[in-house]
Amino acid sequence: MSGSVSMLRPRAGNPATRPELTDALRASVEQKATAARELLTATVAEFGGDGAVTFANSFGAEDMVLTELILRLGLPIEIFSLDTGRLPGETYDLMSRVEKHYDTRLKIYFPDAAAVEAYVRGEGINAFYESIDLRKRCCQIRKVEPLRRALSGMQAWITGLRAAQSTTRTGLPAREFDEGNGLVKLNPLTDWSENEVWAFIRIHEVPYSDLHDQFYPSIGCAPCTRAIAVGEDVRAGRWWWEDPTLKECGLHVKG
Ligand code: SF4
């Protein structure tokens with residue numbers, strides 16, 4: 001297959017990022033934000049502060065909601081990110097804005113350089129388009145292995161996953177045990193709608209990626225992400241050449 005149409009930037013003004021802030025929407029957002037704050041606070045109380053609870057921030061809209069909640073609450077939750085080396089420029093721009101907005105310094109993990117070099121020399125610079133196996137090997141090197149390092153020694157990790165994001169996330173609980181990584185996984189936004197995520201971002205003036213305004217609801221690596229059409233599944237722009245019931249990067253596999 002060819003993945004050469006990645007990262008199309010067709011138009012700006014995605015209406016999904018600007019929901020009408022009705023009283024009902026504001027009320028549901030506040031209710032869910034309160035529940036998320038309580039879950040985050042209870043998680044710290046259960047597992048302790050320093051070095052026990054971490055949040056994987058990939059700078060999507062949901063992760064920006066959690067960044068705002070965690071940093072405004074001042075909870076001792078570590079926030080880390082994975083730089084695969086193939087992220088879109090807009091994500092680096094957002095990283096920089098986040099550091100300034102919250103007066104913080106990001107903790108970023110990079111893939112093992114020797115593993116990336118061996119993969120690229122052996123398979124090619126864009127080998128992930130050639131087969132699912134090669135795509136998963138790339139994700140393993142650039143995402144999964146650095147994630148393991150980031151989670152090492154932690155007791156719980158927090159993600160911005162939502163149940164409605166894709167068929168692979170249907171029924172996602174707010175709390176589960178991550179067998180693969182051997183620790184508790186919290187998904188405080190699992191029952192949030194896309195509308196509620198964007199309403200929270202607008203109400204609290206949270207920084208977000210410019211790509212969301214260009215019809216990218218889900219943002220990952222540049223060559224494996226594209227814009228979607230109105231009405232398409234929000235994860236349709238990720239690894240769009242693969243079976244939608246199977247495509248995950250390995251960071252969030254079900255046990
Ligand atoms: S999303 Fe694409 S470029 Fe990024 S790690 Fe996975 S296969 Fe590689």
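Modeller: Start with one contact in this predicted model. On the α2 side, A61, E62, M64, V65 and E68 meet V197, W198, F200, I201 and H204 of α6. Sorted by class, this contact of α2 with α6 has seven nonpolar, one polar and two charged residues.

Colleague: Which numbers describe how two such helices lie against each other?

Modeller: In general, a packed pair is described by the angle between the two axes and the distance between those axes. Here helix α2 covers residues 61-73, and its axis and that of α6 come within 9 Å and cross at roughly 50°. That makes α2 oblique to α6. The crossing of α2 past α6 is left-handed.

Colleague: At what angle do α1 and α6 pack?

Modeller: Helix α1 (residues 23-47) packs against helix α6 (residues 194-204) at about 90°, and their axes are 9 Å apart. An angle of 65 to 115 degrees counts as roughly perpendicular, so α1 is roughly perpendicular to α6.

Colleague: Which residues of α1 and α6 meet?

Modeller: From α1 they are L25, R26, S28, V29, K32 and A33; from α6 they are N195, E196, A199, F200 and I203. This contact of α1 with α6 divides into six nonpolar, two polar and three charged residues. As background, an α-helix has 3.6 residues a turn, so residues three or four places apart point the same way.

Colleague: Does helix α4 lie largely buried or in the open?

Modeller: For burial, count neighbours: a residue is buried if 20 or more other C-beta atoms lie within 10 Å of its own. Helix α4 has eleven residues, 113-123, and the number buried is one, so α4 lies largely in the open. Just after α4, G124 has a positive phi of about 115°. For the protein as a whole, 36% of the 255 residues count as buried.

Colleague: How many helices and strands does the protein have?

Modeller: There are six helices and six strands. Read from the N terminus, their order is α-β-α-β-α-β-α-α-β-β-β-α.

How values were computed: Residues are numbered from 1 along each chain as its sequence is written. This is a predicted model: local features need pLDDT of at least 70, side-chain atom pairs count only at pLDDT 80 or more; totals for chains, interfaces and linings use all residues. Axes are lines fitted to C-alpha atoms, for helices over the stretch in contact, and angles run from 0 to 180 degrees between N-to-C directions. Helices (H or I, at least four residues) and strands (E, at least two) are DSSP runs, numbered from the N terminus. Angles under 35 degrees count as roughly parallel, over 145 as roughly antiparallel, 65 to 115 as roughly perpendicular and the rest as oblique. Two residues are in contact if their C-beta atoms, placed from the backbone, lie within 7 Å. Ala, Val, Leu, Ile, Met, Phe, Trp, Tyr, Cys and Pro count as nonpolar, Asp, Glu, Lys and Arg as charged, and the others, Gly among them, as polar. A residue is buried if 20 or more other C-beta atoms lie within 10 Å of its own, exposed if 12 or fewer, and partly exposed in between; C-beta atoms are placed from the backbone. A crossing is left-handed if the near helix is turned anticlockwise from the far one by less than a right angle, and right-handed if clockwise.
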